[in-house]
Amino acid sequence: DDDDDSQSTGAKMKIIDSEGTVGICTSIAADNNGVYLSYYDGSNADLKFARSTDNGATWLNENMKIVDSDNGVGTESSIAVDGANIYISYRDLSNGNLKFAKSVNSGSTWLASNIKVVDATDDVGTGTSLAVIGSNIYIAYLDQTNYNLKFTKSTDSGATWPAAAIKTVDSAGN
């Protein structure tokens with residue numbers, strides 16, 4: 001097939017999204033129900049999401065969503081899945097904030113009410129890494145202003161992100 005590049009194993013590479021400069025800062029998660037991607041759309045400055053329900057064999061347009069389009073958001077994302085809940089942490093380029101988004105229906109919809117600013121102190125949110133265990137969500141990230149490694153957590157599935165939960169893990173420099 002001339003449309004797909006084949007590797008020696010017979011695996012085929014799939015084009016998921018080709019509308020402009022997309023696929024920047026991609027993160028991947030998977031479970032028994034599918035494969036999930038978060039990524040930055042550089043052409044439109046949006047955080048995007050894609051889902052495959054057949055282990056990556058197909059990527060349907062109706063399963064590709066804009067998660068956040070608030071003026072330069074979505075770089076350096078991290079994605080996690082827990083049942084029907086999809087969680088994404090990411091950087092807001094317009095102000096350097098660390099943000100969080102949640103979908104409760106496997107990524108079919110991303111409500112603005114489920115987008116939260118987690119940390120807005122200076123230039124933070126670089127290099128996010130996200131983990132989920134039950135209703136506890138953990139995010140590690142770089143405070144780029146002070147070059148500190150930070151950590152925060154939500155204990156209510158991301159509904160709130162208390163400032164007191166933000167901890168500096170390492171402040172030894174770069």
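## Strands, cores and linked side chains

Let's start with Arg 91, which is buried, with a relative accessible area of 11% (buried means under 20% relative accessible area, exposed over 50%, and partly exposed in between, using a 1.4 Å probe on protein chains only). Keep in mind that this is a predicted model: local features need pLDDT of at least 70, side-chain atom pairs count only at pLDDT 80 or more, and totals for chains, interfaces and linings use all residues. Residues are numbered from 1 along each chain as its sequence is written, and side-chain values use heavy atoms, leaving out hydrogens and water.

**Salt bridges**

- Searching the whole structure turns up seven salt bridges (a side-chain nitrogen of Lys or Arg within 4 Å of a carboxyl oxygen of Asp or Glu).
- One of them joins the side chains of Arg 91 and Asp 123, at 2.5 Å from N to O.
- That pair links distant parts of the chain, 32 residues apart: Arg 91 belongs to strand 6, while Asp 123 is in the loop between strand 8 (115-119) and strand 9 (126-133). Strands (E, at least two residues), like helices (H or I, at least four), are DSSP runs numbered from the N terminus.
- Asp 123 is partly exposed, at 22% relative accessible area.
- Asp 68 and Lys 99 also meet through their side chains, 2.9 Å from N to O.

**Strand 6 and its partners**

- Strand 6 is mostly covered, with seven of its eight residues buried.
- Strand 5 and strand 6 run antiparallel and are joined by seven bridges (two strands pair if DSSP finds at least two bridges between them).
- Looking across to strand 6, you'll find Ser 89 standing opposite Ser 78.
- These two strands make a hairpin with two residues between them, and Gly 83 in the turn has a positive phi of about 65 degrees.
- Strand 6 also pairs with strand 7 (residues 98-103), again in the antiparallel sense, over six bridges. Here Ile 88 has Ala 101 in strand 7 as its bridge partner.
- The hairpin of strand 6 and strand 7 has five residues between the strands, and Gly 96 takes a positive phi near 80 degrees there.
- Asn 97 is in the loop between strand 6 and strand 7 and counts as buried, at 9% relative accessibility.
- Setting aside neighbours within four places in sequence, Asn 97 is in contact with residues including Tyr 90, Arg 91 and Val 124 (contact means heavy atoms within 4.5 Å).

**Nonpolar cores**

- The largest nonpolar core has 13 residues, and those with the most contacts inside it are Phe 49, Val 67, Ile 79, Ile 88, Tyr 90 and Trp 110. Such a core is a set of buried Ala, Val, Leu, Ile, Met, Phe, Trp, Tyr and Cys residues joined through side-chain atoms within 4.5 Å.
- Two or more residues of this core come from each of strand 3 (46-52), strand 5 (73-82) and strand 6 (85-92). Strand 6 gives the most, with three residues.
- Another core, of 12 residues, lies apart from it and has Tyr 87, Leu 98, Val 118 and Leu 130 among its members.

**Aromatic pairs**

- The whole structure has five aromatic pairs (rings of Phe, Tyr and Trp, using its six-membered ring, pair if their centres lie within 6.5 Å; planes under 30 degrees apart count as stacked, over 60 as edge-to-face and the rest as tilted).
- Tyr 36 and Phe 49 have ring centres 6.3 Å apart and planes at 25 degrees, so they are stacked. Tyr 36 is in strand 2 (residues 34-41) and Phe 49 in strand 3, so the pair ties together parts that are 13 residues apart in sequence.
- Both Tyr 36 and Phe 49 are buried.
- Tyr 138 and Phe 151 make a stacked pair too, at 6.0 Å centre to centre with 25 degrees between the planes.
- Tyr 138 is partly exposed, with a relative accessible area of 24%, and Phe 151 is partly exposed at 29%.
- Ring pairs also link Tyr 36, Phe 49 and Trp 110 into a cluster.
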